[in-house]
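Please read this note with the structure open beside it. The points below can be checked one by one.

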Amino acid sequence: MILKKSLKSIILPAFHDFHKALKKPYLKYVLKGGRGSGKSSNIAVEIILDIIKYPITVLCVRKVGNTLQESCYEQLKEAISILGLEDKFKYNINPLKIIYLPRGNTIIFRGADDPAKIKSIKMSKYPITRLWIEELAEFRSEDDVSMIEKSILRAELEDGLEYKFYYSYNPPKRKQSWVNKRYETKLLPSNTYIHHSTYIDNIHLSEAFKIEAEHIKEFQPLKYKWEYLGKPIGSGIVPFNNLVFEKIPQEMVDNFDCIRDGLDWGYATDPLAHVRLHYDRTRRKIYIFDEIYKVKLSNREYANIIKEKGIINMINADSAEPKSIDECRGYGINIIGVKKGAGSVEFGEKWLDDLEAIVIDPERCPNTAKEFESIDYAIDRNGDPLPRLEDKNNHAIDATRYALNQDMAPAHSFD
């Protein structure tokens, strides 16, 4: 393949690392960021290089099928033009596809508004080994995306071929969005590569775009941070600025002498969440080093786990389930219900936020780490933040408050 320009000059400097990472054994390449950052154009270039180099089919997907022609399709045509390879490709509108003429393999397009069409795709000659999901945040849930992925990952590939999935999106504003919880985290699976870019990285943007961005930066800084820098600002206020994610060695755990246990009940849809932590009063730090976090965990099974772990000190539990507390006592568990009071939730959250540090071991307590990392303040109907956290995906956070009930101000008890 002879290109009219060098790849180094075609690929934006900010995406050179992404280009190099394609040689590594990642399955998922997640490109996120603000408006105008060049995410889609650089993915399009890589897809054209893929279709030329390998005897494969590429599948491009968006949530709504009728948006594909004016987005992915045109982006890929532009990439072909930039590479100077117009004579090597044929464009087809009905059905929408791009054909690489020297070999005959294609780039095909499907909308996820008809999942059955994606599930039934079969390519007899050139297997689908590349998937590009554009505007990933448009999908309602990770399950919707997982179904598409599984439709592709069906067969073993010949030697020299491998699956690679590309995702591009602007992060949603709300931190509780599934895509933010999945990729705005330090707790990433080893098969996933993350790249974040902004308009500042795109040297091809018009001056008018940059002027508008700077205007928004001056007069609407939160909007700028979200739309142009690609940061999920949520309510605009970070609930816990004191989070520290680090490994807590076992020898350190063995020396903890102020251990607290808290329990938030759950069963059918919400997980039962038990948190173990050490409270360093002098330095005003807590160290969360163990968790039990599971859906459909019966009280009997929970009690067995507590016994296996050798937990004998008092467990502070949500008092909303007195029958569960009595049942666990019957199994020999040392447990009490935490009393509740008006304003206790807000007070407990402020108390945690006022600590010097909330140290969480992400390997020992991955679910607790995710909750603290992704939680946001609740908002009112006008979008203004309320003085309490969202009552969603906060089970381990509640358990942490319960654990520290006696350490907080005696005038308050915590719901």
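**Notes on the predicted model**

1. β3 and β4 form a hairpin, with four residues between the two strands. Strands here (E, at least two residues) and helices (H or I, at least four residues) are DSSP runs numbered from the N terminus, and two strands pair if DSSP finds at least two bridges between them. The pairing of β3 with β4 is antiparallel and has four bridges. Within this pairing, Tyr91 is opposite Ile98 of β4.

2. On the basis of the note: this is a predicted model, in which local features need pLDDT of at least 70 and side-chain atom pairs count only at pLDDT 80 or more, while totals for chains, interfaces and linings use all residues. Residues are numbered from 1 along each chain as its sequence is written, and side-chain values use heavy atoms, with hydrogens and water left out.

3. Tyr91 also has a charged neighbour: Lys77 lies over its face, at 5.1 Å from the ring centre. The criterion for a charge over a ring is that NZ of Lys or CZ of Arg is within 6 Å of the ring centre and within 35 degrees of the ring normal.

4. The next hairpin is that of β4 and β5, with five residues between the strands; in it, Gly104 takes a positive phi near 100 degrees. β4 (residues 97-100) and β5 (residues 106-111) run antiparallel and are joined by three bridges. Ile98 has Ile107 as its bridge partner in β5, and Ile99 is opposite Thr106 in β5.

5. Where do these strands sit in their sheet? The order of this open sheet of eight strands is β3-β4-β5-β2-β6-β7-β1-β8, and its pairing is mixed. At the edges are β3 (89-92) and β8 (192-197), each of which pairs on one side only. From one strand to the next, the twist averages 15 degrees. Axes are lines fitted to C-alpha atoms, for helices over the stretch in contact, and angles run from 0 to 180 degrees between N-to-C directions.

6. A second open sheet has seven strands in the order β9-β15-β12-β11-β10-β13-β14, again with mixed pairing. Its edge strands are β9 (243-245) and β14 (335-338), each pairing on one side only. Neighbouring strands in this sheet are turned against each other by 30 degrees on average, direction ignored. Inside it, β12 (residues 285-294) and β15 (residues 357-360) run parallel and are joined by four bridges. Lys285 has Ala357 as its bridge partner in β15.

7. Helix α14 (residues 366-374) lies across β9, β11, β12 and β15, and runs at about 115 degrees to β12. Helix α15 (residues 395-403) packs on the sheet and touches β10, β11, β12, β13 and β14; its direction makes about 135 degrees with that of β10. Contact means heavy atoms within 4.5 Å.

8. Helix α8 (residues 207-219) packs against helix α9 (residues 221-228) at an angle of about 135 degrees, with the axes 5 Å apart. α8 is therefore oblique to α9. In these terms, angles under 35 degrees are roughly parallel, over 145 roughly antiparallel, 65 to 115 roughly perpendicular, and the rest oblique. Among the residues in contact are Phe209, Ile216 and Phe219 of α8, and Pro221, Tyr224 and Tyr228 of α9.

9. How many aromatic pairs does a search of the whole structure find? The search finds 21. Rings of Phe, Tyr and Trp (its six-membered ring) pair if their centres lie within 6.5 Å; planes under 30 degrees apart are stacked, over 60 edge-to-face, and the rest tilted. The ring centres of Trp265 and Tyr302 are 6.4 Å apart and the planes are at 70 degrees, so this pair is edge-to-face. It links distant parts of the chain, 37 residues apart: Trp265 is in the loop between β10 (259-264) and β11 (272-280), and Tyr302 is in helix α11 (residues 299-309). Phe18, Tyr26, Tyr29, Tyr166 and Tyr193 form one aromatic cluster.

10. Are Trp265 and Tyr302 buried or exposed? Both are buried. Buried means under 20% relative accessible area, exposed over 50%, and partly exposed in between (1.4 Å probe, protein chains only). Ala320, in the loop between β13 (315-318) and α12 (322-330), is partly exposed, at 47%. Its C-alpha atom is separated by 8.5 Å from that of Trp265, 55 residues apart along the chain.

11. Glu149 belongs to helix α6 (residues 142-152). With a relative accessibility of 9%, Glu149 counts as buried. Leaving aside residues up to four places away in sequence, Glu149 touches Lys28, Leu131, Phe165 and Tyr167.
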